[in-house]
Amino acid sequence: MIRREGYFAITSDRFVPQKSFGASDRCYVDHMWQMLIFTGHRVDAPDRAKSRFPPRLVDAAGRAIGKAIDELSPAHCIASASRGGDILFLEACRARGIPSTIVLPFSPDEFERRSVAGVSEGDW
């Protein structure tokens, strides 16, 4: 497997470290996959002083995320699962049949309390 800036490739039978992958290197590649890692904003909590991601923009953001995924055609997606961009991204990947990995910075219960709960609008 070759790892290079988010791309993974299967070689015939061995791992080739990233440092050996250069313009003059030659290797046989069976497949090339693009990994897409997403980080976005949470939908604003009702008490947020300065609006950054108001609930009224959720549908437009979801469409824009889906369009970007379609253009990039990743083989695998990685994100956290905060309310807002992260969940929109993961849902768009799932709708397209793209395998995804969720990475949480702390326990699921604490993550839900700190990063998902807190807004009455939407189905987070």
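This is a predicted model: local features need pLDDT of at least 70, side-chain atom pairs count only at pLDDT 80 or more; totals for chains, interfaces and linings use all residues.
Local features are reported only where pLDDT is at least 70 and side-chain atom pairs only at pLDDT 80 or more, while totals for chains, interfaces and linings use all residues. Residues are numbered from 1 along each chain as its sequence is written, and side-chain values use heavy atoms, with hydrogens and water left out.

The protein chain contains three helices and five strands, taken as DSSP runs numbered from the N terminus (helices: H or I, at least four residues; strands: E, at least two). Along the sequence these elements follow the pattern β-β-β-α-β-α-β-α. Of the 124 residues, 31% are buried, that is, under 20% relative accessible area with a 1.4 Å probe and protein chains only. The accessible surface, from the Shrake-Rupley method with a 1.4 Å probe, comes to about 8600 Å², and 51% of this surface belongs to carbon and sulfur atoms. Among contacts (heavy atoms within 4.5 Å) with a separation of 6 or more, 55% join residues 24 or more positions apart.

We can turn next to the interior. A nonpolar core is a set of buried Ala, Val, Leu, Ile, Met, Phe, Trp, Tyr and Cys residues joined through side-chain atoms within 4.5 Å. The largest such core has 18 residues, and those touching the most other members are Phe 53, Ile 65, Ile 69, Cys 77, Leu 88, Phe 89 and Cys 93. At least two residues of this core come from each of helix 1 (58–72), strand 4, helix 2 and helix 3 (108–116), with helix 2 giving the most, five residues. Beyond residues up to four places away in sequence, Cys 93 touches Ile 69, Cys 77, Ile 98 and Ser 100.

The axes of helix 1 and helix 2 come within 9 Å and cross at roughly 50°; axes are lines fitted to C-alpha atoms over the stretch in contact, with angles from 0 to 180 degrees between N-to-C directions.

Finally, Ser 82 is found in the loop between strand 4 (76–79) and helix 2 (85–95). Ser 82 counts as buried because its relative accessibility is 11%. Leaving aside neighbours within four places in sequence, Ser 82 is in contact with Arg 42, Ile 87, Phe 111, Ser 115 and Val 116.

Technical notes
Buried means under 20% relative accessible area, exposed over 50%, partly exposed in between (1.4 Å probe, protein chains only).
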